[in-house]
Amino acid sequence: METLKSAFDFSDFPRLDISIAGIIAIFLLVFPLFSHSAFAMATMIQFLMFSVYGMGWNTIGGYGGQVDLGKAQYVGIGAYTTAVLLIRWNIPFWFSMPLGVCLAMAWSFIIGYPLFRLKGHYFAIATIATSLVLMDLFSVWEFVGAARGLEISPIKYHYPDFWRLIFKKDIYYYYVILGFFFVGILYVNGFRRSRLGFQLRSIRDNEEMASSLGINVHWAKIKTYAIATAFVSVVGSFHACYIKNIEPQDTMGLDLSILIALMAMLGGAGSLWGPIIGAAVLIPLKSYLKAWLGGAAGLAGIDLVIYAVIIMLISALEPRGIWGIVEKVRRRRWQ
Amino acid sequence: MALLEVLNLTKTFGGLSANQDISFSVQEGELVGIIGPNGAGKTTLFNCISGFYPVSSGKVIFNGKNITALKAHETARRGLARTFQIYAASGDLTVIENVMVGCFMRTRSRSKAQAAAEEILNEFNLTGIGDVFVGELPVAVQKRVTMATALGSGPRLLLLDEVAAGLTPNEIEEIMANIRHIHSHLGIAVMLIEHVMELVMKVSDRVMVLDYGRKIADGPPRTVAKDPEVIKAYLGERFVREHQEML
């Protein structure tokens, strides 16, 4: 009960923040009612998806300080679970999505147990490796379409299919992912002040001190890693129904993993609003780059160059991202 | 029955024995000071008792149970809290949040943890600074915060590792008041590693002296301070001359 209450309790934020967040929330709710281009709609959906990815990453990567560069493997597990079950057995999204979460979390426990014996850079590198291994496995696994991937053919279904999440109009997808977005914010808001949330911040501060306070550091990290995984897997399942065409490279590739981590780090790792701010900056940038340069953007690697520059700027100037700058300015004003 | 019983504890790092065949016990509510030259194995002893290091041989019995093989977080959950000599605060947690992490060991509820933390801050005279980030505080206050945090976990035995090192006399007075509160008022047993003799001699019920990993003396502060071996190994003749009135 207390947990549920604290999810809705934003009282420790300044009034200004709550007002701005409220205005943005209302804007997000009514956005589809305004006239908008298909491009704007697609960008908004991407923004919401990446916000939720980032929120998940933020639990372990931000509050826990464990830089995880392998989140894409769980996008893949979610996406493939939903796609395979829908295509082969016509099982709707609302069943396959929770199942995908269970599978992803199970996998996260299996690899999390050994991975969290590593620290710092070694941990980050190992997460990349596990994600790439899974991608390679899926690229040769015929059952899931190997490198060709899977395609959900919409012709078989009647629009709009709320059970299977097969829609013709993007507006339906928009509201589904917006729902996940709000649930995600509430969850993280409760999480950051829960016992586990406090324990993780203490772990980030000083692991020895944390364990002297009765915290099982290894287990707390594994648990949080599984929570982060659940977030990412839900959006992965959504991705399958929304994009309808999934390939190992798109859903499990390294650039997706890096993008997820980058969202949260740019916006502000370890803060509630950070991943949302990060996605709000990066996703339009990514979309416009793509629109502007066409397929060439990916080929030329310009997007990757820009991400690299951003990573360097964050680590050199302000490790706590955009939100860190906001807080610094504020503290200076108050003093 | 003693609260803590250490039997023939030995800890070796390769060929170096940092603790050699150390045995002692700590009674419920007792305050035991540990002194000795640098490298005598004082902090290693704490690390072995609290489960940060596996012991090479010997036994640690706490509250009647053998805790020798337990990990740090498990000994903490049985009521053995500690502070660290070097406190690396990156400054991400405020004072009250820090103490709450300690309190969360005993409860899942945030409101209970917060209430408990506020009470401890009150007892430690730290009330005004609850919302300040720990990293922004002077070292002396940081050390008191770590004591408060350790206390939050509700220990029966508290291991304090050089909480007064490098502090001014005034700050030492404040720390001493906190230690007395923990010991006399709350009745928690304390083991105290310290180089500040004024502090150790004043607050300890008993003092134990380590030298080259061995226990060379154990007894009431006055007796230990007169022990020729202790004077030779650690205190020095001058200390005894200058502190006649204290002893």
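The model is predicted: local features need pLDDT of at least 70, side-chain atom pairs count only at pLDDT 80 or more, and totals for chains, interfaces and linings use all residues. Residues are numbered from 1 along each chain as its sequence is written, while chains are lettered from A and ligands numbered from 1 in the order in which they are written.

**Chain A**

Chain A has 16 helices and two strands. Both kinds of element are DSSP runs, numbered from the N terminus: helices are H or I with at least four residues, strands are E with at least two. The radius of gyration, taken over C-alpha atoms, is 20 Å; this is close to the 20 Å of the globule rule for 335 residues, so chain A is as compact as a globular protein of that length. That rule is 2.2 Å times the number of residues to the power 0.38.

| Property of chain A | Value |
|---|---|
| C-alpha trace along principal axes | about 60 × 50 × 45 Å |
| Buried residues | 45% of 335 residues |
| Contacts between residues 24 or more positions apart | 76% of contacts with a separation of 6 or more |

A residue is buried if 20 or more other C-beta atoms lie within 10 Å of its own, exposed if 12 or fewer, and partly exposed in between; C-beta atoms are placed from the backbone. Two residues are in contact if their C-beta atoms, placed from the backbone, lie within 7 Å.

Helix 4 of chain A covers residues 72–89. Of its 18 residues, 14 are buried, so the helix is largely enclosed by the rest of the structure. A:Asn90 follows helix 4 and has a positive phi, near 60 degrees.

**Chain B**

Strand 1 (residues 4–13) and strand 2 (residues 16–26) of chain B pair in the antiparallel sense over seven bridges. Pairing requires at least two DSSP bridges. The two strands form a hairpin with two residues between them. B:Gly14, in the turn, has a positive phi of about 60 degrees. B:Glu5 stands opposite B:Ser25 in strand 2 of chain B.

**Where the chains meet**

In all, 25 residues of chain B are in contact with 20 residues of chain A. Helix 2 (72–77), strand 6 (80–82), helix 3 (95–103) and helix 4 (110–123) of chain B each give two or more residues to the side that touches chain A. By class, that side of chain B has 11 nonpolar, eight polar and six charged residues. Ala, Val, Leu, Ile, Met, Phe, Trp, Tyr, Cys and Pro count as nonpolar, Asp, Glu, Lys and Arg as charged, and the others, Gly among them, as polar.

Technical notes. The expected span of a helix is 1.5 Å times one less than its number of residues.
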